[in-house]
Structures are given as C-alpha cells and as structure tokens.
Amino acid sequence: MTKVIYDEIAMKRALTRITYEIIENNKGVDDLVLVGIKTRGIFLAERIAARIEKLEGARIPVNELDISVYRDDRDNAFPAAAQQVSEFKNDVTDKNVILVDDVLFTGRTIRAALDGIMDQGRPHQVRLAVLVDRGHRQLPIRADFVGKNIPTAWDEKVAVYMNEVDGQDRIELE
C-alpha cells in the first residue's frame, strides 16, 4: 500500500522553510556553498539556491557529489569510470557547506558524502539538510535542517519524486 506523505505544495513549503532556516542559521549567505548528493540531492540544492537568490539577491554556488566510490556498505564492483572522483566546481575550503540529500536513513550515505567533501577541501563547517528524516540510524549522524520527520518501519520505503527526474513532485511511503 502506498501513502502520499507530501504533495507538490507541501514539498515547496518544506524547501522554503529549510531555506529560511539555512539563511538564519548562517546569519546570511556569506561563505555559503551547497553540496547536493547525486541525484535528487542535487535538484534539492538547486531549488534551495534559487530560493536563496530570490530572498537574498545572491547566487549561492552548488556542487554535485557522487558518493558511489565512498560507500562502505555496497559492493565496489562499479565500473572504472564511476570510481573516478570528480572535482567540485566551487571551492569548499573555509566555507560553510550545506550538504543536501532527499532522505536520511541509516546515515551511511552522509558518512560517504563527508569523505567526498573532505577530499575536495577543508570546510569551516558542514551542516546537513534533508527533505525527509525516516530514522533507523546506524551511525551518529543527524540533520540540521529537516523538511519532515517520517517514522517508518525498517522494511518500508520512502520514495521521493521530483519534477526534474520523475515529472512530478511528491513523497510516498511504500
């Protein structure tokens, strides 16, 4: 059975709230860089950057991060091309980095992303923004900015659909 948790309007509100919290927590947008985790985290980071630009009049740099090579819980049988670490377009050294992802679950993706960020430079600080926190952490990781906490059973799935990939915005619990 599938249950719609967030529709397009609710997702938009959650991202707007996260954006305001990022600006407030950072005391503006100076030295701010967003890093989106491939795939949906990149689109969420771009949406947050667009909202910040609308609110603050400043374009915030967005980097894309593929964490495949940094995973500790998946088979390393990726093709050689996927094993290559791509350089960020924007420097993160001494910056306030907001790491952006769609769903926070065990924490392993975020651990891998932190390794990926550190390979690119040494940020002043790294904070985490997620659209959904579903619990079940295996590592001591928590989000600083959360769109929605959704308590789930271990075997349930949270599916995030985004216009950029799926042609629609919504979140479902399956």
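This report describes the sheet, the helices packed on it and the nonpolar cores of a predicted model.

## Basis of the description

Because the model is predicted, local features need pLDDT of at least 70 and side-chain atom pairs count only at pLDDT 80 or more, whereas totals for chains, interfaces and linings use all residues. Residues are numbered from 1 along each chain as its sequence is written, and side-chain values use heavy atoms, with hydrogens and water left out.

## The sheet

An open sheet is formed by five strands in the order 3-2-4-5-6, with parallel pairing; strands are DSSP runs (E, at least two residues) and helices likewise (H or I, at least four), numbered from the N terminus, and two strands pair if DSSP finds at least two bridges between them. Strand 3 (62–65) and strand 6 (145–149) are at the edges with a single partner strand each, so one side of each has no neighbour in the sheet. From one strand to the next, the twist averages 25°, where axes are lines fitted to C-alpha atoms, for helices over the stretch in contact, and angles run from 0 to 180 degrees between N-to-C directions.

Strand 4 (residues 96–104) is joined to strand 2 (residues 32–37) by five bridges, with valine 33 partnered by valine 97 and leucine 34 by isoleucine 98. Strand 4 also pairs with strand 5 in the parallel sense, over eight bridges, and there aspartate 101 has valine 130 as its bridge partner. Between strand 4 and strand 5 the chain passes through helix 3 (residues 108–118) in a right-handed β-α-β crossover, meaning that, with the strands pointing away from the viewer, the path from the first strand over the helix to the second runs clockwise. Nine of the nine residues of strand 4 are buried, that is, under 20% relative accessible area with a 1.4 Å probe and protein chains only.

## Helices across the sheet

Helix 1 (residues 8–26) lies across strands 2, 4, 5 and 6, at about 150° to strand 6. Helix 2 (residues 40–56) lies across strands 2, 3, 4 and 5, at about 150° to strand 2.

## Nonpolar cores

The largest nonpolar core has 31 residues, of which Ile22, Leu34, Ile48, Ile98, Leu131 and Ile171 touch the most other members; such a core is a set of buried Ala, Val, Leu, Ile, Met, Phe, Trp, Tyr and Cys residues joined through side-chain atoms within 4.5 Å. Helix 1 gives the most to this core, with seven residues. Apart from it lies another core of 20 residues, including Phe88, Ile110, Ala113 and Val130.

Notes: Contact = heavy atoms within 4.5 Å. Buried < 20%, exposed > 50% of the residue type's maximum accessible area, 1.4 Å probe, protein only.
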